[in-house]
Amino acid sequence: MTPNERLYALLDASARPYTRLIHTAATTAREAAEARGTPLAIGGKSIGFKIDKIGLAILVVGSDRRVDGRLLRRALGVQRYRFLSADELRATFGLSPGEVPPFGRPLFDAALFVGRDVAAREEIAFAAASRTESVRMATADWLAVAAPTVVEPFTEAEEAAPPGY
């Protein structure tokens, strides 16, 4: 099964309600929100990392936010981390940047972390292992299915992010 098929199988098995959205191809979080017709603030982008003492991890960041290294180190209690390259994402998850859904085990062999700020949001919309498909659901339902480790916020406002981030 493809990552997209595994995602929908996991969501269907959970019996939690979600909406499947088909849209034009999107590369950035802002483009995805526009293509989905959803507010940027409900988007959850998944960023692949290798983290000291943890290993492979996916961090779920609000689409209107970016990772702050100092806050990330403090939230996870680590000193070293690095972003996965596009090649590493493809080799590890079979997906390109912008396609990784916010799930760790059992969908992907990776730890999953989300900041308390994102976990407190009412809704979340995210890539469904595709640039042209997304899922929109209540954050409480996503938390129940994905079972991330909720940590202190590790992001800052998107305005500080470079263009196209």
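Ala, Val, Leu, Ile, Met, Phe, Trp, Tyr, Cys and Pro count here as nonpolar, Asp, Glu, Lys and Arg as charged, and the others, Gly among them, as polar. By that scheme, the lining of the largest pocket divides into 14 nonpolar, 13 polar and 5 charged residues. The model is predicted.

**Largest pocket**
- The volume of the largest pocket is about 590 Å³.
- Its lining has 32 residues, and Thr27, Lys45, Ser46, Pro97 and Gly98 are the closest to the pocket centre.
- Five elements each give the lining at least two residues: helices H2 (29-36) and H4 (86-93), and strands S2 (44-51), S7 (123-127) and S8 (133-138).
- S2 supplies the largest share of the lining, 5 residues.

**Ala25**
- Ala25 sits in the loop that runs between strand S1 (19-22) and H2.
- Ala25 counts as exposed because its relative accessible area is 56%, and the cut-off for exposed is over 50%.
- Beyond its neighbours within four places in sequence, Ala25 contacts Arg131 and Thr132.
- The C-alpha atoms of Ala25 and Arg36 lie 9.9 Å apart, with the two residues 11 apart in sequence.

**Val118**
- Val118 belongs to helix H5 (residues 116-119).
- Val118 has 3% relative accessibility, so it is buried; the cut-off for buried is under 20%.
- Val118 and Val150 are 32 residues apart in sequence, and their C-alpha atoms are 9.1 Å apart in space.

Note on methods
Residues are numbered from 1 along each chain as its sequence is written. This is a predicted model: local features need pLDDT of at least 70, side-chain atom pairs count only at pLDDT 80 or more; totals for chains, interfaces and linings use all residues. Side-chain values use heavy atoms; hydrogens and water are left out. On a 1 Å grid over the protein atoms alone, a cavity is a set of points where a 1.4 Å probe fits but cannot get out, and a pocket is an open set with protein on both sides within 12 Å along at least five of seven lines; lining residues have an atom within 4 Å of a point. Grid points are joined across faces, edges and corners, and a volume is the space filled by probe spheres set on the points. Helices (H or I, at least four residues) and strands (E, at least two) are DSSP runs, numbered from the N terminus. Buried means under 20% relative accessible area, exposed over 50%, partly exposed in between (1.4 Å probe, protein chains only). Contact means heavy atoms within 4.5 Å.
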